[in-house]
Amino acid sequence: MSFLSYATVVTATVLLSCALVFLAGGALPEGSLPAFAFGAAVAGLNALASMGLLEWTRGRSHVAFMRALLGGMVGRLAAMLGGVAFGLLALDLPRTPLLIGLLGHFVLFLALELGIVHRGFKPAGAR
């Protein structure tokens, strides 16, 4: 799957889930949609960064692959923590919808990414 295809799937998933939360808006507490959307957006950006790093390693050595994997993981986790802290402290978003949006999408995108990697992504020099 190309990066553009992956980005399309991630974007469509975030938009569709936010549309579903919008439709259920009357049954949810006030502020749920912005918090959910913010969490989903943070998870979506994390997924795009992850796939971008994976694509960057194509054609590079195993060492570059491992550095991108481990360094990227630390950087993306720090960015997600910063995003959550910004949403909770600066934007004063409700915790529960933000975390549901973030963690729900994170798990979904992680499963998608693992499926893509398992089905055939190989760094340079792999057999």
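These questions and answers walk through a predicted model, from its overall make-up to single residues.

Me: How many helices and how many strands are there in the protein?
Reply: From the N terminus on, the elements run α-α-α-α. The predicted protein has zero strands, and its helices number four.

Me: What box do the C-alpha atoms of the protein fill?
Reply: The box is taken along the principal axes of the protein. The chain has 127 residues, of which 32% count as buried. The C-alpha atoms fill roughly 55 × 25 × 15 Å.

Me: Of the contacts with a separation of 6 or more, what share comes from residues 24 or more positions apart?
Reply: A contact here means heavy atoms within 4.5 Å. Take the contacts in the protein with a separation of 6 or more. Residues 24 or more positions apart account for 75%.

Me: Are α1 and α2 roughly parallel or roughly antiparallel?
Reply: Their axes lie 10 Å apart, at an angle of about 170 degrees. Angles over 145 degrees count as roughly antiparallel. Therefore α1 and α2 are roughly antiparallel.

Me: By class, which residues make up the contact of α1 with α2?
Reply: From α1 come residues including Phe 3, Ala 7, Val 21 and Phe 22. From α2 come residues including Leu 33, Ala 37, Leu 48 and Glu 55. By class, the contact has 16 nonpolar, three polar and one charged residues.

Me: How are α1 and α4 oriented, roughly parallel or roughly antiparallel?
Reply: Helix α1 covers residues 3–23 and helix α4 covers residues 95–120. Their axes come within 12 Å and cross at roughly 155 degrees. The cut-off for roughly antiparallel is over 145 degrees, so α1 is roughly antiparallel to α4.

Me: How do the residues of the contact of α1 with α4 divide by class?
Reply: The crossing of these two helices is right-handed. On the α1 side the contact is made by Tyr 6, Val 9, Val 10, Thr 13, Val 14 and Ser 17. On the α4 side it is made by His 105, Leu 108, Phe 109, Leu 112, Glu 113 and Ile 116. They divide into eight nonpolar, three polar and one charged.

Me: Is the crossing of α3 and α4 left-handed or right-handed?
Reply: The axes of α3 and α4 come within 10 Å and cross at roughly 155 degrees. The two helices are therefore roughly antiparallel to each other. Their crossing is right-handed.

Me: What is the class make-up of the contact of α3 with α4?
Reply: α3 brings Met 80, Val 84, Gly 87 and Leu 88. They meet Arg 95, Leu 98, Leu 99, Leu 102 and Phe 106 in α4. The contact has seven nonpolar, one polar and one charged residues.

Me: Which elements give two or more residues to the largest nonpolar core?
Reply: This core has 13 residues. Those touching the most other members are Tyr 6, Val 10, Val 14, Cys 18, Ala 47, Met 51 and Phe 109. The elements giving two or more residues are α1, α2 and α4.

Me: How many residues are in the other core?
Reply: The other core lies apart from the largest one. Among its members are Ala 35, Ala 43, Met 80 and Val 84. Its residues number eight.

Me: Leaving aside neighbours within four places in sequence, which residues is Val 14 in contact with?
Reply: Val 14 is on the α1 side of the contact with α4. It also takes part in the contact of α1 with α2. Its partners are Ala 40, Ala 41, Gly 44, His 105 and Phe 109.

Me: How far apart in space are Ile 100 and Phe 36, C-alpha to C-alpha?
Reply: Ile 100 lies in helix α4. Beyond its sequence neighbours within four places, Ile 100 is in contact with Phe 36 and His 105. Ile 100 and Phe 36 are 64 residues apart in sequence, and in space they are 6.8 Å apart.

Me: Does Asp 92 count as buried or exposed?
Reply: Asp 92 is found in the loop between α3 and α4. Its phi is near 55 degrees, a positive value in a residue other than glycine. Relative accessibility is 64%, and over 50% is the cut-off, so Asp 92 counts as exposed.

Me: What distance separates the C-alpha atoms of Gly 31 and Met 51?
Reply: Gly 31 lies in the loop between α1 and α2. At 27% relative accessibility, Gly 31 counts as partly exposed. Gly 31 and Met 51 are 20 residues apart along the chain, and their C-alpha atoms are separated by 31 Å.

How values were computed
Residues are numbered from 1 along each chain as its sequence is written. This is a predicted model: local features need pLDDT of at least 70, side-chain atom pairs count only at pLDDT 80 or more; totals for chains, interfaces and linings use all residues. Side-chain values use heavy atoms; hydrogens and water are left out. Axes are lines fitted to C-alpha atoms, for helices over the stretch in contact, and angles run from 0 to 180 degrees between N-to-C directions. Angles under 35 degrees count as roughly parallel, over 145 as roughly antiparallel, 65 to 115 as roughly perpendicular and the rest as oblique. A crossing is left-handed if the near helix is turned anticlockwise from the far one by less than a right angle, and right-handed if clockwise. Ala, Val, Leu, Ile, Met, Phe, Trp, Tyr, Cys and Pro count as nonpolar, Asp, Glu, Lys and Arg as charged, and the others, Gly among them, as polar. Buried means under 20% relative accessible area, exposed over 50%, partly exposed in between (1.4 Å probe, protein chains only). A nonpolar core is a set of buried Ala, Val, Leu, Ile, Met, Phe, Trp, Tyr and Cys residues joined through side-chain atoms within 4.5 Å.
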